[in-house]
Amino acid sequence: MSVEIVTSYATALCLFIGSIFILVGAIGLLKFNDPMTRLHAPTKVGTIGIGMLLLASILHSYSLGDSSMHELLIMAFLFVTAPISANFIAKVSIHRRACETPPVPPRDDTWSTLSTPEEDKIIPDMPDTKPNKA
């Protein structure tokens with residue numbers, strides 16, 4: 001088998017896998033009810049689907065003898081911005097009270113700060129672990 005045939009099969013496989021992931025993401029976006037569950041479909045599944053389609057484009061351009069760096073830049077931009085946009089959408093849903101609010105942390109004054117509670121500052125006495133000299 002030549003390199004062109006192998007890259008053609010790999011390109012077709014990447015296109016198939018990418019289209020399956022995008023189809024699942026689109027169905028999940030339409031099927032889920034509230035914004036927090038609907039959020040996972042395009043951000044997780046869709047990102048992998050688009051990544052596979054871009055990988056297919058890279059493989060196809062490689063089989064033609066061209067080098068393509070545009071797709072790598074698109075992938076990097078996509079993989080960096082998708083989690084950030086998902087975080088913003090989740091925060092908006094929480095602030096609008098469009099979803100079930102998360103539970104309150106057990107110690108609200110210290111869960112996201114560097115302050116240490118007083119009971120954790122006390123170091124218990126350690127037993128003497130030095131070996132006895134006989």
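A surface patch is made of residues with over 30% relative accessible area and no salt bridge, and nonpolar side chains are joined within 5 Å. The model described here is predicted.

**The nonpolar patch**

One such patch is formed by Met1, Ile5, Val6 and Tyr9. The four residues together have about 470 Å² of accessible area, and the patch is nonpolar. Tyr9, one of its members, has its place in helix 1, which covers residues 3-31. Is Tyr9 buried or exposed? Its relative accessibility is 55%, and exposed means over 50%, so Tyr9 counts as exposed.

**The chain as a whole**

The protein chain has five helices and zero strands. Read from the N terminus, its elements follow the order α-α-α-α-α. The chain holds 134 residues, of which 22% count as buried.

**Helix 1 and helix 3**

Two packed helices are described by the angle between their axes and by the distance between those axes. Helix 1 packs with helix 3, which spans residues 40-63, at an angle of about 160°. The axes of helix 1 and helix 3 are 8 Å apart. Angles over 145 degrees count as roughly antiparallel, and helix 1 is therefore roughly antiparallel to helix 3. The crossing in which helix 1 passes helix 3 is left-handed.

Val3 lies in helix 1. With a relative accessible area of 51%, Val3 is exposed. Val3 is 60 residues from Ser63 in sequence, and the two are 7.4 Å apart in space, C-alpha to C-alpha.

Leu53 is found in helix 3. Its relative accessible area is 29%, and Leu53 is therefore partly exposed, a class that lies between the cut-offs of 20% and 50%. Leu53 and Leu13 are separated by 40 residues in sequence and by 9.8 Å in space, C-alpha to C-alpha.

**Helix 2**

Helix 2 consists of residues 35-38, and Thr37 lies in it. Pro35 is in helix 2 too. For Pro35 the relative accessible area is 32%, and Pro35 is partly exposed.

Thr37 and Ala90 are 53 residues apart along the chain, with their C-alpha atoms separated by 9.7 Å. Pro35 and Ile89 are 54 residues apart along the chain, and 8.2 Å separates their C-alpha atoms.

**Pairs set out together**

| Pair | Separation along the chain | C-alpha to C-alpha distance |
|---|---|---|
| Val3 and Ser63 | 60 residues | 7.4 Å |
| Leu53 and Leu13 | 40 residues | 9.8 Å |
| Thr37 and Ala90 | 53 residues | 9.7 Å |
| Pro35 and Ile89 | 54 residues | 8.2 Å |

Notes:
Residues numbered from 1 in each chain as written. Predicted model: local features only at pLDDT ≥ 70, side-chain atom pairs only at ≥ 80, totals over all residues. Heavy atoms only, no water. Patch = residues over 30% accessible without salt bridge, like charges linked within 9 Å, V, L, I, M, F, W, Y side chains within 5 Å. Areas by Shrake-Rupley, 256 points an atom, 1.4 Å probe, with all protein chains shown as cover. Salt bridge = Lys/Arg side-chain N within 4 Å of Asp/Glu carboxyl O. Helix = DSSP H or I, 4+ residues; strand = E, 2+ residues; numbered from the N terminus. Buried < 20%, exposed > 50% of the residue type's maximum accessible area, 1.4 Å probe, protein only. Axes fitted to C-alpha atoms, helices over the stretch in contact; angles between N-to-C directions. Parallel < 35°, antiparallel > 145°, perpendicular 65-115°, else oblique. Left-handed = near helix turned anticlockwise from the far one by under 90°.
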